[in-house]
Every structure is written in structure tokens, then in C-alpha cells.
Amino acid sequence: MGFCDFESAYDWSRLKTVRQAARQSGFPSVDLSVGTPVDPVPDAVCEALGAAADFRGYPPAAGTCELTEAIGGWFKRVRGVNLEKIEAAAIPSIGSKEAIALMACLLGFGRGDVIVQPRVSYPTYAIGTQLAGSRIEYADDVSDTNSWRNIENVKAVWINSPCNPSGEVYSKEQLRKIVEAARQIGAIVLSDECYACLTWENPDCAANQNCAESAGCAENQNCACAPSASILDEYVCGGKSDGILCLYSLSKQSNLGAYRTAFIAGDKSIISRLAMFRRQIGQMIPGPVQNAFAAALNEDKTAEKQREIYKKRLEKLVEALKSFGYDAKMPAGGLYVWVKALSGDCWTDLEILAKKTGIVASPGEFYADSSYVRFSVTASDEDVESAAKALKTADFR
């Protein structure tokens, strides 16, 4: 069976008229819609790419030894996860979107199978399920396991923490609960953690919202500025990676969107099966990019600097959105401000924003809630400053 048809409101071309209105507004047009990283690629990554320009032969689909070691080292150093100890393996993917979209198909799911996902979420989860011909079961809160654990034929459960678009972050207790419930019914847990290192309020932090990013803070894994909990955390997974896959991307933390650098880590037996399929269909990252990928994983200080850049942009944008009339606040994690549409309809808000401020935002309809609007801070400091000024000189009325 080939790919099945899919339906999705997720189509950026639908913003054409909004972008035209923004250009004609009299304000500088600022696009805060698509989450495309715009900041420079780290120097060490560019150097590693160039150093491997003469890479000979086909690159391994399962990743070079250097890349595999870098993934394991990053997990241990940054996420507090020892992949060997929990009997996990990892393979690179050509960006996380590709892995998400193909996951249901590569895992062999089809008609009659059910995949649980958050109701408000990144649209590619649903698209991937539809491509496999499987049925989507939406959950308002995936950590409410009673809402899905008794549904027949649930084969997998998608988690996204921090969440795109809402910024919600799950605690270790919530993740552990999901893992336990999924294992009881024989379902695989699929955890998209691409914003894990961009956490602004960590539910596992002892000081919680009052955490100050002071000296030594980065070493405290319970700190609010530490990465969000991983599904592969030893406490969460019970010391075994069985039935668990974690997906991560360097597009945001290292500005490598153009490099398509991501990976899947978890259950060795599942990873082995995925690697076999990926090898046969040529799903491999180019050799020079794998070398750059490994270098990026070892660039902790650069990633921390990028995090601070995003934090400042978020704070500036939240303040300006409040001035305009939105009930905006810092997300617990991620790079988006998710606010209730002032008109009650995302498309009406987008039109007003474009005409009054020159800003292009994302319609909540793309993420399954047309009563919300999403603003991204994957824009330059100059653009975020320009957007903030425009928001403060106008109001929604």
C-alpha cells in the first residue's frame, strides 16, 4: 500500500493576502509566522562542514561513528540521559519533520490502527498518521491517560514537550505516567523534544517560576533554565528504553534548519528496524553535514548563547503584545507566543495585525484551534524590535 491521502489546513500559501496587507501597511513588514531560524550558523559548524567537503563514498544512513558518539555525549551531558545504560540507540534523520511524517509508515501502522496525539499541536503528527491510513485520536491532554488508554488498537502516542504552539512543558511525573500507560497497552511513545533546550519555566524545578539564572544554574538539572525532561530520562522510562522513541532537532538550538540535522533515539529493536528501512530507501544525511552535525552537538556554549537571544526576543514580544491588547505571557518552553484571538477568529486578527502593524502571524487553525494566533521569535533582533514598536503604537480597536 502506498501513501494514503491526507487533509490539512497547514498551508502557508494561505497567508498570501495577509502578507500583501502587511507590505501595504506603512510599517516595515515583519514575518513572525513560520518558525524559520534566521541567526548565523556557528563558526565551528561551518568549519566542520568545510573540513569534510572531500567526504568519499556514500554516507552511512545509521550515522558516522563520530556522529553517533556526539549524540550519546550530548544526551549524557545536556539531558542527563545515558543511552547505553537504558539500552537505547540513535540514528540521524533528515530533519525532524521527515521523521515525524514517515514514522507511522516506517513503524508499519495502517488501517485500523490508532495513533493518539495532542489536539492542539504541530500539524505533521496528523499528516503522518493519515499518510499511513491510520486513525487519529485527539487528546486535550495526553498526560490524562484515561482519555486514551482504553481505546482499542492504540499503537502509538505522540508527545510534544515543550509544545508547538502552546509552549506547554510536561513534568517527569506526567511523562512517566504516559510511558506506563502506553506500555500497559503495547503502544509506542513518540516524543518530539525539538525545543527541549529552550525552556523558560520548568515544572521539575524546585524553585519553579522564581528560579534565577545565576552562577552554577546550568549544572542544576532541576533548574527552570535546564532542558525539559526527556522521555528517556531514567526515572521517566523506568531504566529501560523499551517502546520509546525520542526525536530531536538542531534547527532551532543551533540554527541548522538548512542542514536538516535531527535524530531519533530510543528502543534498540525499533531503531534497528527504522535503520534498515531508511538504508534501503536512501534516507541518509550527506557525509559533510554529518560532520557538521557532530560539531554542533558539541557546541554547548553556542547553544546557550542562542537560548539567551531567543529569551530576550520572547520577553520583548510578550510585552508588546500585551500593549496591543493580547493576554500574552512567556511560554513555559519553545519559541512561540500563543494567544487568544482578540476578535475570536484567527484570520480576522491576522488581517487587523497586518494592516495596523505590518506583522504577519500564524493562524491558530493550522494547529487545530482557530480561536488562537501564534507569533514566532525566529526573526532577527531588528525585526522583533520593529514589530514591538508597531504593536506599541497601535491597538486592536
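Colleague: Which residues do ring pairs link into a cluster?

Modeller: This is a predicted model, and it holds 19 aromatic pairs. Ring pairs join a set of residues into one cluster, whose members are Y10, W12, Y122, Y125, W158, W338, W347, F366, Y367 and Y372.

Colleague: What kind of aromatic pair do W12 and F366 form?

Modeller: A pair of aromatic rings is described by the distance of the centres and the angle of the planes. For W12 and F366 the centres are 5.1 Å apart and the planes stand at 80°. Planes over 60 degrees apart count as edge-to-face, and the pair of W12 and F366 is accordingly edge-to-face.

Colleague: How many residues apart in sequence are the parts that the pair of W12 and F366 ties together?

Modeller: W12 belongs to the segment before helix 1 (16-23), whereas F366 belongs to the loop between strand 11 and strand 12. The pair therefore ties together parts whose separation in sequence is 354 residues.

Colleague: Does F366 count as buried or exposed?

Modeller: The relative accessibility of F366 is 4%. Buried means under 20%, so F366 counts as buried.

Colleague: In what order do the 3 strands of the open sheet stand?

Modeller: The pairing in this sheet is antiparallel. Strand 9 (336-340) and strand 11 (362-363) are at the edges, each with a single partner strand, so one side of each lacks a neighbour in the sheet. Strand 11 is joined to strand 12 (residues 372-376) by 2 bridges. The order is 9-12-11.

Colleague: Against which elements do the buried residues of helix 12 pack?

Modeller: Helix 12 (residues 381-392) has 12 residues and spans 17 Å from its first C-alpha to its last, close to the expected 16 Å. Its buried residues are V384, S386, A387, A388, A390 and L391. The buried residues of helix 12 pack against strand 1 (30-31), helix 10, helix 11 and strand 10 (359-360).

Key: Residues numbered from 1 in each chain as written. Predicted model: local features only at pLDDT ≥ 70, side-chain atom pairs only at ≥ 80, totals over all residues. Heavy atoms only, no water. Pairing = 2+ DSSP bridges. Helix = DSSP H or I, 4+ residues; strand = E, 2+ residues; numbered from the N terminus. Expected span 1.5 Å × (residues − 1). Buried < 20%, exposed > 50% of the residue type's maximum accessible area, 1.4 Å probe, protein only. Contact = heavy atoms within 4.5 Å. Phe/Tyr/Trp six-rings, centres within 6.5 Å; stacked < 30°, edge-to-face > 60°.
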